[in-house]
Amino acid sequence: MNILGTRFKVEHADLIPEGLFGDCDVDNKIIRIEQTLEGKSFKETLTHEKFHAMLRLSGISELLTEELEEALCRLVERL
Ligand SMILES: [Zn+2]
């Protein structure tokens, strides 16, 4: 997946033990999505993680608290 000109790998993973539905590793360019998610939940989680990547790649993330970044991603996933 191309995010702001950077190629990210999207992987399905077992994230429930970590208490996550998804995560975004900007250093290694990998977005992981919980393997049991499908349909709307999958799409929303991917959008959420993609927006984390956009905020981090652009440097905007550094201007935000962790809580505010998370709140913005939760908003965007529902657009
Ligand atoms: Zn998040």
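Helices here are DSSP runs of H or I with at least four residues, strands are runs of E with at least two, and both are numbered from the N terminus. On that basis the elements of the protein run β-β-β-β-β-α-α from the N terminus on. That comes to two helices and five strands.

Two notes before the details. This is a predicted model, in which local features need pLDDT of at least 70 and side-chain atom pairs count only at pLDDT 80 or more, while totals for chains, interfaces and linings use all residues. Residues are numbered from 1 along each chain as its sequence is written.

Overall dimensions next. The C-alpha trace spans about 35 × 25 × 25 Å along its principal axes. A residue is called buried if 20 or more other C-beta atoms lie within 10 Å of its own, exposed if 12 or fewer, and partly exposed in between, with C-beta atoms placed from the backbone. Of the 79 residues, 19% count as buried.

Now the sheet. Strands of a sheet pair through backbone hydrogen bonds, either parallel or antiparallel. Here two strands are said to pair if DSSP finds at least two bridges between them. Three strands form an open sheet in the order E3-E5-E4, and the pairing is mixed. Its edge strands are E3, residues 9–13, and E4, residues 22–25, each of which pairs on one side only. From one strand to the next, the twist averages 20°; axes are lines fitted to C-alpha atoms, for helices over the stretch in contact, and angles run from 0 to 180 degrees between N-to-C directions.

Which sense does each pairing take? E3 and E5 are parallel, over five bridges, and Glu11 stands opposite Arg32 in E5. E4 pairs with E5, residues 30–34, in the antiparallel sense over four bridges, with Gly22 opposite Ile33 in E5.

What covers the sheet? Helix H1, residues 39–58, lies across E3, E4 and E5 and runs at about 25° to E4. Still, E3 is hardly covered: among its five residues, the count of buried ones is zero.

On to the core. A nonpolar core means a set of buried Ala, Val, Leu, Ile, Met, Phe, Trp, Tyr and Cys residues joined through C-beta atoms within 7 Å. The largest one has five residues in all: Phe8, Cys24, Ile31, Ile33 and Ala53. Two residues are in contact if their C-beta atoms, placed from the backbone, lie within 7 Å. Leaving aside neighbours within four places in sequence, Phe8 is in contact with Met1, Ile3, Lys29, Ile30, Ile31 and Ala53. For the protein, residues 24 or more positions apart account for 37% of the contacts with a separation of 6 or more.

Last, the loops. Most residues other than glycine have a negative phi, and most peptide bonds are trans. Leu4 is not a glycine, yet has a positive phi of about 50°. Leu4 is found in the loop between E1, residues 2–3, and E2, residues 6–7, and counts as exposed because it has 11 C-beta neighbours inside 10 Å. Lys29, also not a glycine, has a positive phi of about 60° and is placed in the loop between E4 and E5. With 15 other C-beta atoms within 10 Å, Lys29 is partly exposed.

Gly19 is in the loop between E3 and E4. Is Gly19 buried or exposed? Gly19 has 6 C-beta neighbours inside 10 Å, so it counts as exposed. Its C-alpha atom is separated by 9.9 Å from that of Glu34, 15 residues apart along the chain.
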